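Visitor: I have a model open on my screen and would like a close look at one part of it. Could you walk me through it slowly?

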Amino acid sequence: MTAQDVKTFCRTLGLTAVGIASASLPIPPTQGDICPLASGRGIDRYDPCRLLPLCRSIIVVLFPYFCGYPKNGNLSLYTHSYDYHTIIHSYLNRIGQFTEKAFPGSSYYSVVDTSPLSDRHLAVTAGLGFIGDNGCLIHETYGSYCFIGAVLTTAALEVDEPTKKECLHCGNCEKICPGKCFSGSAYNFATCKSYLTQKKGDLTVQEQKVIAKTPYIFGCDECQRVCPHNKDIPVTPLSDFRTDLLSYVDARSFKNLTNRQFKETYGKRAFSWRGKAILIRNFTYIEQENTPESKNNSGVFLLRHFAMSSIQVHK
């Protein structure tokens, strides 16, 4: 049984972007500040053996989720389907079970982005893409709209080589970023809108203004929308990320829900993990900053923003 057999099995699941990395991961010579929302710190980000003793290989899988840009969405594209963590783990466990049967005596451990490991570093090492100036992993077919999952295994598999391709360095992400969190390839998470929409508590006036620059009440896709590497990317072939999509919520309606009711209604959606209060807060920031239109019709701001910014996409 070989690494190619593992990839062939993955293709039977509809997974076409699969690479293999050694468990002896290279440690980057320099590491920037880690976003507080990330799970891992220090060496934990690069040592799979802390999760699976005797780990020898890492099967890294990309899960494309792009389904187009809705005209009036206020949620980041990655949250539109049901929670990707659950979906991805179901795929990874099937791959892990396959490897256990293919390599008797081996064991596996599946990880998504809640593990300490740096998932983008895993993907780059496994030859699945490069890191763009916006900090996203970019795949040659699916662009940056991909989730990353991995199966750690004690089986020894032939590894893939990192790609030699790199970001075009066009500067689009730096120009459009609401929080101006990019400077070349440097990234400051503290002013990133996606981070701020998930940061709990009261925000500073400047942080509120960053959130109010675009319609999203959770996450941010601005740097990805204008990235030339995302031009003409295909819709995801995975039906799990094409069905039961939810691109817009009126957070004002959350006020009438108890926390339990909110969890029962939206608990299977990735945008719900920080609770309802933070979504109501973000909705309020956007509404207050974009008066009087938003008070009369919150859809006006959505349509105006995407109509004006669409001319910049992929240029």
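Visitor: Let's start with Lys 268: in which loop does Lys 268 lie?

Guide: Lys 268 lies in the loop between α8 (259-266) and α9 (276-289). Before going on, a word on ground rules: this is a predicted model, where local features need pLDDT of at least 70 and side-chain atom pairs count only at pLDDT 80 or more, while totals for chains, interfaces and linings use all residues. Residues are numbered from 1 along each chain as its sequence is written, and side-chain values use heavy atoms, with hydrogens and water left out. Helices (H or I, at least four residues) and strands (E, at least two) are DSSP runs, numbered from the N terminus.

Back to your lysine. Lys 268 is exposed, with a relative accessible area of 63%; buried means under 20%, exposed over 50%, and partly exposed in between, using a 1.4 Å probe and protein chains only. Not counting residues up to four places away in sequence, Lys 268 touches Tyr 82 and Asp 83, where contact means heavy atoms within 4.5 Å. Asp 83 sits 185 residues from Lys 268 along the chain, yet their C-alpha atoms are separated by 5.5 Å.

Now follow the chain into α9. The axes of α9 and helix α6 (residues 205-212) come within 8 Å and cross at roughly 85°. Those axes are lines fitted to C-alpha atoms, for helices over the stretch in contact, and angles run from 0 to 180 degrees between N-to-C directions. α6 and α9 are therefore roughly perpendicular to each other; by the cut-offs, angles under 35 degrees count as roughly parallel, over 145 as roughly antiparallel, 65 to 115 as roughly perpendicular and the rest as oblique. On the α6 side, the contact is made by Gln 208, Lys 209, Ile 211 and Ala 212. Facing them from α9 are Arg 281, Asn 282, Tyr 285, Ile 286 and Glu 289. Sorted by class, this contact has four nonpolar, two polar and three charged residues. Here Ala, Val, Leu, Ile, Met, Phe, Trp, Tyr, Cys and Pro count as nonpolar, Asp, Glu, Lys and Arg as charged, and the others, Gly among them, as polar.

At 48% relative accessibility, Lys 180 counts as partly exposed. Its phi is near 50°, a positive value in a residue other than glycine. Most residues other than glycine have a negative phi.
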